[in-house]
Amino acid sequence: MSRLAAFGHRLGLALLPARCLVCREPGSRGQDLCGACRTDLPFNRVACARCALPLPVAGLCGACLRQPPPFTASRAVLVYRFPADQLLPRFKFHGDLAAGRLLSQLMAEELADAPRPPALVPLPLHPARLRQRGDDPALELARPLARALGLPLRDDLLRRVRATSPQSELDAASRRHNVRSAFSAPNPRALPGHVALVDDVMTTGATLAEATRALLRAGVARVDLWVAARVP
Ligand SMILES: [Zn+2]
Ligand SMILES: [Zn+2]
């Protein structure tokens with residue numbers, strides 16, 4: 001995509017005809033997704049209500065029954081398999097803004113029926129990581145999502161106070177240890193009682209659980225998770 005077209009996409013201008021990001025056929029509904037690929041999307045509509053783990057029937061997964069996580073409810077729009085496992089890395093690691101925009105649009109459509117929190121909170125990156133990357137994927141998803149659903153975006157509520165190793169390199173136990181005390185919620189004014197934390201991909205949920213604990217300690221009564229994709 002040219003720099004001008006990318007700039008146009010960032011502004012939400014349709015400088016290019018919609019084209020399916022999965023198969024390159026013309027898009028439908030003005031989105032960069034065709035009807036056939038939309039039908040084949042791995043929507044995560046039957047899942048654990050608490051942690052969004054895909055399940056054969058709706059309910060709670062065994063892990064959440066044994067030890068409920070600190071968040072109240074989770075929604076993950078897609079299961080992290082094809083084409084989510086291509087679209088998310090394209091957006092997150094290769095700066096594909098059209099992929100990010102499509103993911104945010106799919107989140108807005110699928111989450112339209114979710115309980116509405118009075119604020120959306122993007123999962124923050126550590127400032128050093130943000131400088132290195134130049135953009136913040138959770139914020140890039142949350143900003144248009146907040147606009148589409150008419151919800152305030154509160155990126156002032158949560159800070160990442162400790163740099164952590166990439167979670168993808170760690171096993172589940174190390175993931176929990178790695179993110180301990182990684183977040184703080186610095187006594188913000190006008191603290192909402194209920195927020196949805198927004199992130200791109202949820203794997204074990206360790207990072208999101210730690211961010212949830214920081215918000216609960218600060219006085220938020222309920223934290224839900226809204227993510228683009230869930231690793232099964
Ligand atoms: Zn397609
Ligand atoms: Zn669960």
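A salt bridge, as the term is used in these legends, is a side-chain nitrogen of Lys or Arg within 4 Å of a carboxyl oxygen of Asp or Glu. The model shown in every view is a predicted one.

**View 1. Glu109 and Arg38 are joined by a salt bridge.** The side chains of Glu109 and Arg38 meet with a nitrogen-to-oxygen distance of 3.0 Å, and the pair is counted as a salt bridge. Side chains of opposite charge can pair when their charged atoms come close. By the rule given above, the count of such bridges comes to 11, and two salt bridges are found across the interface of domain 1 and domain 2.

**View 2. Domain 1 and domain 2 meet along an interface.** The protein is divided into domain 1, which covers residues 1–40, and domain 2, which covers residues 43–230. To the contact between them, domain 1 contributes 12 residues and domain 2 contributes 14 residues. The centres of the two domains, taken over C-alpha atoms, are separated by 25 Å. The size of an interface is often given as the accessible area lost when the parts come together. Here the area buried between domain 1 and domain 2 is about 1,200 Å², with carbon and sulfur atoms giving 56% of that area. Of the area that domain 1 buries against domain 2, 41% is supplied by Leu21, Val22 and Gln31, which is more than any other three residues supply.

**View 3. The side of domain 1 that touches domain 2 is shown with its polar contacts.** Between domain 1 and domain 2, four residue pairs are counted in polar contact, with both residues of each pair at pLDDT 80 or more. On the side of domain 1 that touches domain 2, the largest share comes from helix H1, residues 3–10, which provides three residues. When this side of domain 1 is sorted by class, there are five nonpolar, three polar and four charged residues.

**View 4. Arg101 pairs with Asp32 in a salt bridge.** The closest N and O atoms of Arg101 and Asp32 are 2.9 Å apart, and the two residues form a salt bridge. Arg101 lies in helix H5 (residues 97–110), whereas Asp32 lies in the loop between H1 and helix H2 (35–40), so the pair ties together parts that are 69 residues apart in sequence. With a relative accessibility of 23%, Arg101 counts as partly exposed, while Asp32, at 7%, counts as buried.

**View 5. Two further salt bridges each join an arginine and an aspartate.** Arg154 forms a salt bridge with Asp156, and their closest N and O atoms are 2.9 Å apart. In this pair Arg154 counts as buried at 16% relative accessibility, whereas Asp156 is partly exposed, with a relative accessible area of 32%. Asp224 forms a salt bridge with Arg222, and here too the closest N and O atoms are 2.9 Å apart. Asp224 is buried, with a relative accessible area of 3%, and Arg222 is partly exposed at 27%.

**View 6. The side chain of Asn44 reaches backbone oxygens of Ala52 and Ala76.** Asn44 is found in the loop between H2 and helix H3 (62–66), and at 8% relative accessibility this residue counts as buried. The side chain of Asn44 reaches the backbone oxygen of Ala52 at 2.9 Å, and a polar atom of the Asn44 side chain lies 3.4 Å from the backbone oxygen of Ala76. When neighbours within four places in sequence are left aside, Asn44 is in contact with Ala52, Pro54, Ala76, Val77, Leu78, Val79 and Arg230.

View 7. Most residues other than glycine have a negative phi, and most peptide bonds are trans. Ala52, although it is not a glycine, has a positive phi of about 70 degrees. Ala52 lies in the loop between H2 and H3, and is buried, with a relative accessible area of 1%. Arg29, which is likewise not a glycine, has a positive phi of about 55 degrees. Arg29 is found in the loop between H1 and H2, and at 62% relative accessibility Arg29 counts as exposed. The peptide bond from Phe82 to Pro83 is cis, with omega near 0 degrees, and Pro83 is found in the loop between strand E1 (73–79) and helix H4 (84–94).

Terms used: Residues numbered from 1 in each chain as written. Chains lettered and ligands numbered in written order. Heavy atoms only, no water. Domains from an automatic or database assignment. Contact = heavy atoms within 4.5 Å. Buried area = accessible area lost by both parts, 1.4 Å probe. Polar contact = N/O pair within 3.5 Å; in protein donor to acceptor, adjacent residues only side chain to side chain. Helix = DSSP H or I, 4+ residues; strand = E, 2+ residues; numbered from the N terminus. Nonpolar A, V, L, I, M, F, W, Y, C, P; charged D, E, K, R; others polar. Buried < 20%, exposed > 50% of the residue type's maximum accessible area, 1.4 Å probe, protein only.
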